Amino acid sequence: MSLKGKVALVTGSSQGIGRGIALRLAADGADIALVDIQAEKLAAVKSEVEALGVKATTFEADVSKRDQVYAAIDHAEQKLGGFDVMVNNAGIAQVKPLADVTPEDTDRIFRINVDGVLWGIQAAAKKFIARGQKGKIVNASSIAGHDGFEMLGIYSATKFAVRALTQAAAKEYASQGITVNAYCPGIVGTDMWVEIDERFSELTGAPKGETYKKYVDGIALGRAQTPEDVAALVAFFASSDSDYITGQSFLTDGGIVYR
């Protein structure tokens, strides 16, 4: 799948899945705008992207802030000379029994996981339309956007919401040649899952590593997922090979949730 000549913006791209997506899109030929709140880590990923022979730029932004998302897209267009693919990857996890969830908990995770995707959809679509071109919007959902998981109830709710936004946006923007899809990872060996495992350990008394192992042991393909596994699906959504697919939230989990 060639993305040569395309410009892609990836939020949450300083580490983990976001970094993996940025590197895969760069390997496929796209110039990359890296967006995150962690400026130092972004600089390191920028060097990795440029080593693949494409252009890269960085922009520090909090995706829960609408104006900052719009500014990030303007920056990508100005620095890289175009704008073709928006990957709304940034997100956080939250492990807590529903009985203990506070208004502050829900406000924070919804602002990042849901509002951040909404602002990304809005800003990207507006830019595509202003440029008079088609475009690709790819959102981060989860297996927790298909099944609600215990102790991850509010996180699951945010990822179900991303699926709804993906479907609605796909319908609203189809006539303008903009496709909107989502990827739904499972158990990925990243810092987020280290955090999830540690929180389960605190809440349930399970030894550290046990929750992660339990979920990995339930994967049909027999191993944890890598950021590269997720990035392969995102690269497909970003390419012309997916031009006739929109409004879909694809599971990429090695065989955990079946739909």
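The side chain of Ser-14 is in polar contact with that of Gln-38 at 3.4 Å, a polar contact being a pair of N or O atoms within 3.5 Å in which, within protein, one atom must be able to donate a hydrogen and the other to accept it, and for which residues adjacent in sequence count only if both atoms are side-chain atoms. The structure is a predicted model, in which local features need pLDDT of at least 70 and side-chain atom pairs count only at pLDDT 80 or more, whereas totals for chains, interfaces and linings use all residues. Residues are numbered from 1 along each chain as its sequence is written, and side-chain values use heavy atoms, with hydrogens and water left out.

A further polar contact, at 2.9 Å, joins the side chain of Ser-14 to the side chain of Asp-36. Ser-14 is placed in the loop between strand S1 (7-11) and H1, where helices (H or I, at least four residues) and strands (E, at least two) are DSSP runs numbered from the N terminus. Ser-14 counts as buried because its relative accessibility is 5%, the classes being buried under 20% relative accessible area, exposed over 50% and partly exposed in between (1.4 Å probe, protein chains only). When residues up to four places away in sequence are not counted, Ser-14 touches Arg-19, Asp-36, Gln-38, Lys-41, Leu-42 and Val-45, contact meaning heavy atoms within 4.5 Å.

Side chains of opposite charge can pair when their charged atoms come close. With a salt bridge taken as a side-chain nitrogen of Lys or Arg within 4 Å of a carboxyl oxygen of Asp or Glu, the count comes to 13 salt bridges. One of them joins the side chains of Arg-24 and Asp-28, at 3.1 Å from N to O; Arg-24 is partly exposed, with a relative accessible area of 27%, whereas Asp-28 counts as buried at 14%.

Another salt bridge is formed by the side chains of Lys-127 and Asp-74, at 2.7 Å from N to O. This pair links distant parts of the chain, with Lys-127 in helix H4 and Asp-74 in helix H3 (residues 66-80), 53 residues apart. Lys-127 is buried, with a relative accessible area of 14%, while Asp-74 counts as partly exposed at 31% relative accessibility. Lys-127 also forms a salt bridge with Glu-77, the closest N and O atoms being 2.8 Å apart, and here both residues are buried. Through salt bridges that share partners, Asp-74, Glu-77, Lys-127 and Arg-131 are joined into one network.

Pockets were located on a 1 Å grid over the protein atoms alone, a pocket being an open set of points where a 1.4 Å probe fits, with protein on both sides within 12 Å along at least five of seven lines, and lining residues having an atom within 4 Å of a point. The largest pocket holds about 940 Å³ of space, a volume being the space filled by probe spheres set on the points, which are joined across faces, edges and corners. Its lining comprises 44 residues, of which Ala-90, Gly-91, Ile-92, Ala-93 and Met-192 lie nearest the centre. Elements that each supply at least two lining residues include helix H1 (16-27), strand S2 (31-36) and helix H4 (103-131), and H6 gives the most, with five residues. The lining of the largest pocket divides into 23 nonpolar, 14 polar and seven charged residues, where Ala, Val, Leu, Ile, Met, Phe, Trp, Tyr, Cys and Pro count as nonpolar, Asp, Glu, Lys and Arg as charged, and the others, Gly among them, as polar.

The second largest pocket has a volume of about 290 Å³ and is lined by 15 residues, among which Lys-6, Lys-134, Gly-135, Lys-136 and Asp-243 lie nearest its centre.
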